[in-house]
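Have the structure open and follow along from contact to contact.

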Amino acid sequence: MIVYGTELNNIPWEERPASCSDVLWRYSKNPIIKRNQAKDANSIFNSAVVPFNGKFAGVFRVDDRQRRMNVRRGFSKDGLNWQIDDSPIEFIQQTREPIESDYKYDPRVTFIEDRYWITWCNGYHGPTIGVGYTYDFERFYQMENAFLPFNRNGVLFPKKINGKYAMLNRPSDNGHTPFGDIFYSESPDMVHWGMHRFVMAAGYTPWQSLKIGAGPSPIETDEGWLLFYHGVLLSCNGYVYSFGAALLDLDKPWNVIRRSKSYLLSPQEIYECVGDVQNVVFPVAALVDSETNRLAIYYGGADTVVALAFGYVNEIVDWLKYDN
C-alpha cells in the first residue's frame, strides 16, 4: 500500500519484541516523559509532536502544581528525550479582541501548506476548540475559536479536502461528557466552520460504548484516511480509555470504510493504570515514515505521563480488514 507524506528517516523506533504478535507494541522504556519533567509540573500528558527542521518539536499539555491546565513548547533531537519550556506558550492574538482562556489542554499540531496549525480544548465559557498556528515554534498566533461551546477533540486533516480545511470534532457538554460521537466540519479560512457531517458514534463495541474522540491527525493512504481514536468504557470502577482505528473515505471522510471492533491498545501497564486518572491511554500524535510505513504514536498514560507505541501503517490497515 502507499502511505502519502514525507520520509522520516529519524523516526523514533524500536523493533517489535519477538514475543509480541500484536500490530501495535509499547516502547520498552515508557514513559518517555515523566510527570515532573518540566518546571512546576504536576503532570505532562496528551501532547502533540511533529517533525521540525530535521528534529522534533511539540506542544505539550502541562498541568502545573496549582492544577492549572495549559500548553508549553518542547524540542527534541530524537523524539524520545525532550526539553520542555518552563512556562506556557504566549499566543499573539489575531482576533477581534483578546480571548481569555480559562484553560488549554490536549493540543494537536498539524502541518498544512506553510505552517503548523495547533488546535486544543479551550476554556471559553466552557470547552470549545481553540485554533492557533506557528511558522517556526518561536512566535505563536491565536485565532478565533472554531466552534461554540461545548466541543472537544478538534483534529485537523493534514491537507485541504475539496479545497477546504477539514476538522474532526466531538460536540460535548460542560462536564465529564458521558456521551460523544465524532463529526466532520469544513472551513474556507480556518475561521468560519460549517458543512458539518456525522462520522461515527459511540456504542460500536463495549470498549467504546460510552464516548469516542479523534486522536492524531489522520494519515493519508491509498486505501483511505487512517484514523486513530479513543473510546471509553464505563466500568464498575469508572471510565476506561482505550484506542482503536478506523479507515475513512479519502474524498468524503465522513464515510467510514472500516472500523475496529477490538482495541489496539488498552490501559494495562502501571503507567497507564495508575496516575491522576486511572486506566487511560489517550492517543494524540503520530509520526510516519512514508518509505518504510513505520509508525510512532504518542499517547497519554493515566493523565499523568507521555508514552510511545510503534507499528506499521500497512499492518494496521490490514488488521482493520478482518477486525470489523
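Start with arginine 16, which is partly exposed at a relative accessible area of 26%. In this predicted model, its side chain meets that of glutamate 315 in a salt bridge, 3.0 Å from N to O. Arginine 16 sits in the segment before β1, while glutamate 315 belongs to helix α2 (residues 313–322), so the contact ties together parts that are 299 residues apart in sequence. Glutamate 315 is also partly exposed, with a relative accessible area of 25%.

Now step back to glutamate 15. Its side chain pairs with arginine 294 in a salt bridge, at 3.3 Å from N to O. Here too distant parts of the chain are linked: glutamate 15 is in the segment before β1 (24–26), arginine 294 is in strand β21 (residues 294–301), and 279 residues separate them. As for how open the two partners are, glutamate 15 is partly exposed at 47% relative accessible area, and arginine 294 is partly exposed at 24%.

Next, look at the pair formed by aspartate 106 and arginine 61, whose side chains meet in a salt bridge of 3.0 Å, N to O.

How many disulfides does a search of the whole structure find? The count is zero. To see why, take cysteine 20: the closest cysteine sulfur to its own belongs to cysteine 273, and at 17 Å that is too far for a bond. Then move over to cysteine 273 itself. The closest cysteine sulfur to that one is in cysteine 236, 14 Å away, which is again too far for a bond. For comparison, the cut-off for calling a disulfide is a pair of cysteine sulfur atoms within 2.5 Å.

Methods: Residues are numbered from 1 along each chain as its sequence is written. This is a predicted model: local features need pLDDT of at least 70, side-chain atom pairs count only at pLDDT 80 or more; totals for chains, interfaces and linings use all residues. Side-chain values use heavy atoms; hydrogens and water are left out. A salt bridge is a side-chain nitrogen of Lys or Arg within 4 Å of a carboxyl oxygen of Asp or Glu. Helices (H or I, at least four residues) and strands (E, at least two) are DSSP runs, numbered from the N terminus. Buried means under 20% relative accessible area, exposed over 50%, partly exposed in between (1.4 Å probe, protein chains only).
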